[in-house]
Amino acid sequence: MTEPRGTDGSVLVVDDDDDLRRLIGRAVTRGGFQVHEASSAEAALEVLGSEAIDVLILDMMGLPSMSGIDLVRVLRTRPETLTLPILLMTGSGPSLTLLEGLEPRPDAFLCVACRARGAAS
């Protein structure tokens, strides 16, 4: 968990990529939020059961054993997380087609695909 200077809320960042999770966590902390981190859907459920989380930033496909999409479906069936704002992110643009017809939907979607400068398309 990363402590901010002043707390404007609590964010849970869920990604199996340690470097990306920490990078997002640092950026969110600079924004004044307290950050909790989890590397799996199961760990995220544990944090959500023990901490007051205001926003969930969630990897769409890379999590072990349960995808982010499946976790959204689970969270939207629980009264305590039914209205939790969820930002679903992916590292690959073509995965956007997976969101077509997705119910329940996340509140926001972010493509975080990174490519080295000058890399071929």
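This is a predicted model: local features need pLDDT of at least 70, side-chain atom pairs count only at pLDDT 80 or more; totals for chains, interfaces and linings use all residues.
Guide: Residues count from 1 along each chain as its sequence is written, and side-chain values use heavy atoms, leaving out hydrogens and water. Local features need pLDDT of at least 70 and side-chain atom pairs 80 or more, while totals for chains, interfaces and linings use all residues.

Visitor: How many residues of β1 are buried?
Guide: Strands here are DSSP E runs of at least two residues, helices H or I runs of at least four, numbered from the N terminus. Buried means under 20% relative accessible area, exposed over 50%, partly exposed in between (1.4 Å probe, protein chains only). Ser-10, Leu-12 and Val-14 are covered on one side, Val-11 and Val-13 on the other. For residues 10–14, that makes 5 of 5.

Visitor: Which residue in β3 is the bridge partner of Leu-12?
Guide: Strands pair if DSSP finds at least two bridges between them. β1 and β3 (residues 55–59) run parallel over 4 bridges. The β3 partner of Leu-12 is Leu-56.

Visitor: And in β2, what is the bridge partner of Ser-10?
Guide: β2 covers residues 34–38 and runs parallel to β1, joined by 5 bridges. Ser-10's partner there is Gln-34.

Visitor: Why does Val-14 count as buried?
Guide: Val-14 sits in strand β1. Contact means heavy atoms within 4.5 Å, and beyond its neighbours within four places in sequence, Val-14 touches residues including Ala-38, Leu-56 and Met-89. Val-14 is called buried because its relative accessible area is 0%.
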